[in-house]
Amino acid sequence: MKKLTLSHLGNFSHSLDATVYHIQPRFVEEIAEIFAFARENDLKIAPRGAGRSYNDAALKGGGIVLDLSLLRYIQAWDAEKGILRAQPGLTLEALWQYILPDGWWPPVVSGTMKTTLGGCLGMNIHGKNNFKMGTVGEQILEFDAILPNGKEVTCSPRKNKDLFYAMISGMGMLGIFTSITMQMKRVYSGLVNVSEWNVPDLEAQLYALLDGAPRNDYIVGWLDGTARGKSLGRGQIHAANYLAKDEDPDPAETMRVGFQTLPDTFFGVVPKSKLHYLMSLGLSNLGVRAVNTAKYIVGRNKSYQQPHAAFHFLLDYVPDWEKSYGKQGLIQYQSFLPKETALDAWTEMLKLSQKRGLPTYLGVTKRHRPDNFLISHALDGFSLAFDFKITNGNRTKLSEMVQEFDKIVLNAGGRFYFAKNSETAPETARKYLGAETIEKFRKLKERCDPQNLLYSDLYERVFAPLN
């Protein structure tokens, strides 16, 4: 390998950074060489896709960040059966642009199209349809991977089953995906039918998700974290359904990539690339409360049709939106709670955040179902994601508050998602995962990576103390 130089990398939310050896292989064969180099030089490795995690999942201070974004080729596509095989660095953006003109759509997507397939599998992402389609892992037919112990494996729900259900969700700590085979979803239009309506409080919001999930292909809620009293947890629900065959009079047009492309300007005037500067002016407790109140007041019951990309990828509407939170960045805190305990737990958390003067600037709710993956965040219930702005004055208070959140979630039988929370303590992970899951993962780690080459800052922070 050529001589390495140190680089400075950060996480997506600009809240964490590290000085690392940044390596971008162009060929799969280089991965084994990188493992050998790390072994010989006593270096740890963190895999990285698009770097869209809100925490330290793709960082390794003083070690190697293995950037897989150049391994991005589509290796096979069956337009009749909707089966795609691709390298791990392929983004969801490149994926949907390739398959949609043939009448297919990725069955599970994140809120941004910038994530990579490898990153999606490593964290086992969910979408606005988790209650119906499950996580992305449930759409995978098989994958190939190279392990730090030198072995190359093919895994599916039937072959190397234990590795299949552990590498998907395993945060990239067991091996590196080299080829992923995935089933796509047949669609008959580039549009979805969307309905939206206001809900007056948290109880109504959770009921709308519970009641609406069986009747819709997608459902998601926006929550106003600044509303108080009887309006605590108020917000809006957005539900969407695929168009039936022959419902779209011109599917060839609506499934064109150009038709789906998000506009570069806001109202045809303001360049979206500049919007994050304007957004930063309103990112204060008072400013967000005013914006949220206005959003709720103007909200109304309505139905319309929307392109797939516009409905799914709200986080891509404003380029670099995360920069609006300022130099210290933001943290996202996402918890998953059983449907029986969610209302009381989140009521307590919302009231606590307001009491501390740290209201969430964005709240997003979803409906979920359980899955069979080893490091699972899913359950029969709901998720709620909070975004908090970090400042020099509130960093300590914010950290203390989310630790209190953890206790509330654990007491309510809840779970967490390692692509998001950056404050999770080892004891929290131990309580939520349980001793049996931790022991299974430890044994797989010993088998696949006996020298602990794969060892991100996230893994060191949360999992290393559990061994």
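**Reading burial and packing in a predicted model**

Modeller: Let's start with Leu223, which is buried (under 20% relative accessible area, with exposed over 50% and partly exposed in between, using a 1.4 Å probe on protein chains only), at a relative accessible area of 0%. Bear in mind that this is a predicted model, where local features need pLDDT of at least 70, side-chain atom pairs count only at pLDDT 80 or more, and totals for chains, interfaces and linings use all residues. Residues are numbered from 1 along each chain as its sequence is written, and side-chain values use heavy atoms, with hydrogens and water left out.

Biologist: Which residues does Leu223 touch?

Modeller: Contact means heavy atoms within 4.5 Å. Not counting residues up to four places away in sequence, the partners of Leu223 include Leu202, Arg234, Leu350 and Leu384.

Biologist: How many residues has the largest nonpolar core?

Modeller: In soluble globular proteins, nonpolar side chains tend to be buried together. A nonpolar core is a set of buried Ala, Val, Leu, Ile, Met, Phe, Trp, Tyr and Cys residues joined through side-chain atoms within 4.5 Å. Here the largest has 125 residues, and Phe405 is among those with the most contacts inside it. Another core, of 10 residues, lies apart from it and includes Phe12 and Tyr54.

Biologist: At what angle do α12 and α13 pack?

Modeller: Helices are DSSP runs (H or I, at least four residues), numbered from the N terminus. Helix α12 (residues 342–355) and helix α13 (residues 395–411) pack at about 165°.

Definitions and conventions
Axes are lines fitted to C-alpha atoms, for helices over the stretch in contact, and angles run from 0 to 180 degrees between N-to-C directions. Helices (H or I, at least four residues) and strands (E, at least two) are DSSP runs, numbered from the N terminus.
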